[in-house]
Amino acid sequence: MRLLVVGRLSGQLATAVKMAMAHGAKVQHVERADQATEQLRRGQGADLLMVDYRIDIAALIAANDAERIHVPVVACGVDADAREAADAIRAGAKEFIPLPPEADLIAAVLSAVADDERPMISADPAMKSVIQLADQVARSEASILITGESGVGKEVMARYLHTHSRRADKAFISVNCAAIPDNLLESELFGHEKGAFTGAVARRVGKFEEADGGTLLLDEISEMDARLQAKLLRAIQERVIDRVGGAKPVPVNIRIIATSNRDLAKAVAEGTFREDLLYRLNVVNLRLPSLRERPGDIAVLADHFVKKYAAANGVPPRAIGGEARRALVAHRWPGNVRELENAMHRAVLLATGAEIDVDAIRLPDGRPLLGGSEGASTPAASTYDAGVAGQAAQVADAVTRSFVGQTVAEMEKTLILDTLSHCLGNRTHAATILGISIRTLRNKLNEYADQGTPIPAPQSGVAAAYGAAG
């Protein structure tokens, strides 16, 4: 893990740095906030900023945000009182570490950041065969395309490949091509020179240069604009990139891993993705099966998430009860590992007995997860199913009637906004359900916002259905 320390390297802070290095962190140091932003801008990336609480943390985070640099901040300091620690958290710090430091606290903070990489856990033969292929190609220099439904763990697999490659001691840099507007993605990938465009106040190193020597993950590559696809193809072929506004090419030495939840061969046929770029990216294809295709993974992943979130929330770990396990395996998990993870996070918080029972496992809308297949034949279950069927028929009739008199555009708007609300504001999931690209969805939402229509914002926390799994 790469740690950037910001502040005067006093005795106590120096001790904290030594503790971090003892836990495997690679540490760099600057004294001022502007130096930290400049270092990040130059491509000297960091996974965590450890900042003296007396520095203007809010201004530092704002300066980084203006450069589209998002690195978590941990505040630290000597003799800070509760108010000063709270002010640092309100300014945007994720945690406050009092100095002199405790070794266990330093280890816990670093572990929390490192946990974002997530281990590769599997017991199902369908997934184990994919991991076996990944092990076989990880140490090669071949570009790899990871495909699969949203939430199956594509980024987890990408990190697994990197950590098992010959570049494991170098940077792993991830870019979500779907989350960055087209007019900013070129600068994000290739960097820019000062004055290249309005707002380019200084030279900015792009993700290609930041990943030099290591691995660059291009997440959701299918959403990249066709013009940028041509520039990306040249970068992969010739191992050089051109900064926006630059006068000469810059050599880079990176390995490319790309992911997509769409059929790229179909995108090629539709003319939205370059065939020659697909060939360059798809030297090896790793297709990750959906969770319903690898039921043997459900129980082991559920156990892992229970332990993880029990520790994170300071609650005692509970075993998953037998009925709950059967219900977990019987559920289809349309959101895949991401949905399972969030369900188990909720279950850890909602469980009250000695075990996590089926009542503690809730769907995103709060409904309980129904029991296993053995309960489906009981009279109570039959009555429940009949009631649900009748209610569904009434709702379907009401919905059909509500469409009468609406234009196609109005119906489309209703469908998009209702789907986005159902997905708790998650754009990627909504686009997948709707069968459109995230770019198309974003354009539609911008159009509705311009009309004054409220747009559901992404939700976070326990109630959010979809977390950050790849």
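Colleague: What percentage of the contacts between residues at least 6 apart in sequence join residues at least 24 apart?

Modeller: That comes to 71% in this protein, where contact means heavy atoms within 4.5 Å. Keep in mind that this is a predicted model, with local features needing pLDDT of at least 70, side-chain atom pairs counting only at pLDDT 80 or more, and totals for chains, interfaces and linings using all residues. Residues are numbered from 1 along each chain as its sequence is written, and side-chain values use heavy atoms, leaving out hydrogens and water.

Colleague: Why is Ala347 called buried?

Modeller: Buried means under 20% relative accessible area, exposed over 50%, and partly exposed in between, using a 1.4 Å probe and protein chains only. Ala347 has 0% relative accessibility, so it counts as buried. It lies in helix α15 (residues 336-350); helices are DSSP runs of H or I with at least four residues, strands are runs of E with at least two, and both are numbered from the N terminus. Leaving out residues up to four places away in sequence, Ala347 touches Ile356, Ala360 and Ile361.

Colleague: What makes Glu141 and Arg166 a salt bridge?

Modeller: The rule asks for a side-chain nitrogen of Lys or Arg within 4 Å of a carboxyl oxygen of Asp or Glu. The closest N and O atoms of Glu141 and Arg166 are 4.0 Å apart, so the pair is listed as a salt bridge. Glu141 sits in the loop between α6 and β6, Arg166 in the loop between α7 and β7, 25 residues apart. Arg166 is exposed because its relative accessibility is 52%, whereas Glu141, with 38%, is partly exposed.

Colleague: Why are α18 and α19 called roughly perpendicular?

Modeller: They pack at about 105 degrees, with their axes 9 Å apart. Angles of 65 to 115 degrees count as roughly perpendicular, under 35 as roughly parallel, over 145 as roughly antiparallel and the rest as oblique, so this pair is roughly perpendicular. Axes are lines fitted to C-alpha atoms, for helices over the stretch in contact, and angles run from 0 to 180 degrees between N-to-C directions.
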